[in-house]
Amino acid sequence: MENYAIKFENVSKIYKLKKKNDGNTKSSETKRFYALKNISFEIPQGEVVGILGTNGSGKSTLSLILAGISEIDEGVMHINGEQSLVAINTGLNKQLTGLENINVKGALLGLSKKQIQEIIDGVIEFAELGDFLYQPVKKYSSGMKSRLGFSISLYLNPDIIIVDEALSVGDKGFAQKCINKMNELKDEGKTIIFISHSLPQVRNFCQTAMWIEGGMLKEYGEVGEVCDHYGEYVDYYNSLTNKEKAKIRDNKFKKRIVQNPQIGFWEKVLDRIKG
Amino acid sequence: MLKSIKYVLKENFTNLFRIYSISKYELLSDIRDSRLGIFWNFANPLIQILTYYFVFGLVMNRKDVDGIPFIQWMLAGMVVWFFINPCITQGANAIFSKTGVITKMKFPVSVLPATVVLKELFNHACILLLMIIFYCTQGVYPSIEWLGIIYYCFAACCFAVSLAMITSVLNMIARDTRKLILACMRLILYLTPILWPISRFSEQTLLFDIIRFVMKINPIYYIVCGYRDCFLYHLGFMHYWKQMLAFWGITGILFVVGCYMMYKFKHKFIDMI
């Protein structure tokens, strides 16, 4: 076995944009847009990586790709081990009780009956729902819901765990509990990808950090350095006037448009249908 | 082609527990939704049957078909419709209604049509129970031929899953698919000889010959006929081998096309939403 968990080589992800309909010009081509452009990196096994970036820079796309949900359009991706995206509210059914929801979500994630029985006690204890466990989830507060969802995800046993903004909900106590649990997982040698806007959380929890800006990898290295640079950039960006900000955004957007895309026949037909 | 069939079959058979759990909890959540719960799984078809009994049994007083009271004859076909109809309409929505799940976790999308059909199968079992009681009150008693229902039910499931695989993928490409299907369901009901006997088209003219031919290769009609044979005519399930071949031929083609589409688009669904 090699010692990397995830290896990207020039990976790109392309999204289609809807045709602009401003009334005057009629462009028949659907525009293509790099959500991620030419990204290469290698994450060693057992590392905890924080991913930073402003809104719309491609963090969530990256997490979907890492989780194996979305497919890449260009480049090569190697993943060593089973990966799982910590998704809080997915698969929770409002009408069912918390206990039943643990079964539902376990089944959705592909666990067998036996595996669900194995994790169920741990999940119940971790979620701290008390008697609410037997109440339908529609009666839950949003914090309770995320606690339940998060607990189920944490008790799965993947090699690579991807956490996308999951700790922004729930109170501080629970967030700390999650961090502690994730630290435990870290000690077990799991690779953790931690996507967050909260710089302090990233600084505390991660060893390395990755900064993605405009779909491109800007920096990947030791957590303190990257966080400093990212913090400086955000401060710099905020100090600009609105006009300058718009200019920067425009430039970034233009760089991400795909020039001369190679489109197959069927895709052209699909573009036509989708408009 | 073979690769895609293998892929879909493998995904379905390795995820049997997942399919079972999804349909079970989906049903359970439906039941929890209302105060009376499972009562509605029986009450809804019962009220529908009473409606048809009132209209076709009492008001219109239709002629017996082959010596069988019209209401008995019609109901044997109608239960098939009560099963196939939600299978088709909800099957088209199978993938789209699970958007939240497929965008957030690695999920074998091709099992979704099967979950919809399995869920409807439970409702179908409820309605069959009612039917048996109804037939007993009418003086039609269970016989060994009734076991043929199991075969026809299996056939209906195969057909429904195959069709749902195609429609659910098409529905992801363009949401118009489901709207089209919803609009056409009533048409399909009247085009299938459920509410009227096919002997209406017994004249030997070219037009009627074509209509009869189209009706007979209609897969839904094969199942309708099968239910009637088992319940009322006391015939086994190998009765019409030509229609049987046509049915399995059509279902097979639908299945292959469905598998191919599922395989082709397996990673594209998330970008289609």
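Me: Where in chain B is confidence lowest, and where is it highest?
Reply: This is a predicted model. Within chain B, helix 3 (residues 39-59) has the lowest confidence, at a mean of 83. Helix 7 (residues 148-173) of chain B has the highest, at 93.

Me: What is the mean pLDDT of chain B?
Reply: The mean is 87, and 99% of the residues of chain B reach 70 or more.

Me: And what does the model score for ipTM and pTM?
Reply: The ipTM is 0.77 and the pTM is 0.85.

Me: On to the largest nonpolar core. How many residues has it, and which have the most contacts inside it?
Reply: The core has 127 residues. Those with the most contacts inside it are F194(A), V79(B), A160(B), A164(B) and Y227(B).

Me: Which helix gives the most to this core?
Reply: Helix 4 (residues 70-92) of chain B, with 14 residues. From chain A, the core draws at least three residues from each of domain 1 (1-82 + 160-261) and domain 2 (87-157).

Me: What does Y227(B) touch, leaving out residues up to four places away in sequence?
Reply: Y227(B) touches A76(B), G77(B), V79(B), V80(B), I149(B) and Y152(B).

Me: And F231(B), buried or exposed?
Reply: F231(B), which sits in helix 10 (residues 219-233) of chain B, is buried, because 26 other C-beta atoms lie within 10 Å and the cut-off for buried is 20 or more.

Me: Which residues does F231(B) touch?
Reply: Not counting residues up to four places away in sequence, F231(B) touches A76(B), Y135(B) and W146(B). As for M185(B), F231(B) is 46 residues from it in sequence and 25 Å from it in space, C-alpha to C-alpha.

Me: Switching to chain A. How many helices and strands are there?
Reply: Chain A has nine helices and nine strands. Of its 275 residues, 37% count as buried. Among its contacts between residues at least 6 apart in sequence, 72% join residues at least 24 apart.

Me: How far apart are the C-alpha centres of domain 1 and domain 2 of chain A?
Reply: They lie 28 Å apart.

Me: What span should helix 8 of chain A have?
Reply: Helix 8 (residues 242-256) of chain A should span 21 Å at 1.5 Å a residue, and its end C-alpha atoms are 21 Å apart, which agrees.

Me: Last topic, backbone angles. What is phi of N38(A)?
Reply: Phi of N38(A) is near 55°, a positive value in a residue other than glycine. N38(A) is in strand 2 (residues 31-44) of chain A and is partly exposed, with 15 other C-beta atoms within 10 Å.

Me: And where is E128(A) found?
Reply: E128(A) is in the loop between helix 3 (113-127) and helix 4 (142-154) of chain A. E128(A) is not a glycine, but has a positive phi of about 50°. With 15 C-beta neighbours inside 10 Å, E128(A) counts as partly exposed.

How values were computed: Residues are numbered from 1 along each chain as its sequence is written. Chains are lettered from A and ligands numbered from 1 in the order in which they are written. This is a predicted model: local features need pLDDT of at least 70, side-chain atom pairs count only at pLDDT 80 or more; totals for chains, interfaces and linings use all residues. Helices (H or I, at least four residues) and strands (E, at least two) are DSSP runs, numbered from the N terminus. A residue is buried if 20 or more other C-beta atoms lie within 10 Å of its own, exposed if 12 or fewer, and partly exposed in between; C-beta atoms are placed from the backbone. Two residues are in contact if their C-beta atoms, placed from the backbone, lie within 7 Å. A nonpolar core is a set of buried Ala, Val, Leu, Ile, Met, Phe, Trp, Tyr and Cys residues joined through C-beta atoms within 7 Å. Domain bounds come from an automatic or database domain assignment. The expected span of a helix is 1.5 Å times one less than its number of residues. pLDDT is the predictor's confidence in each residue, from 0 to 100.
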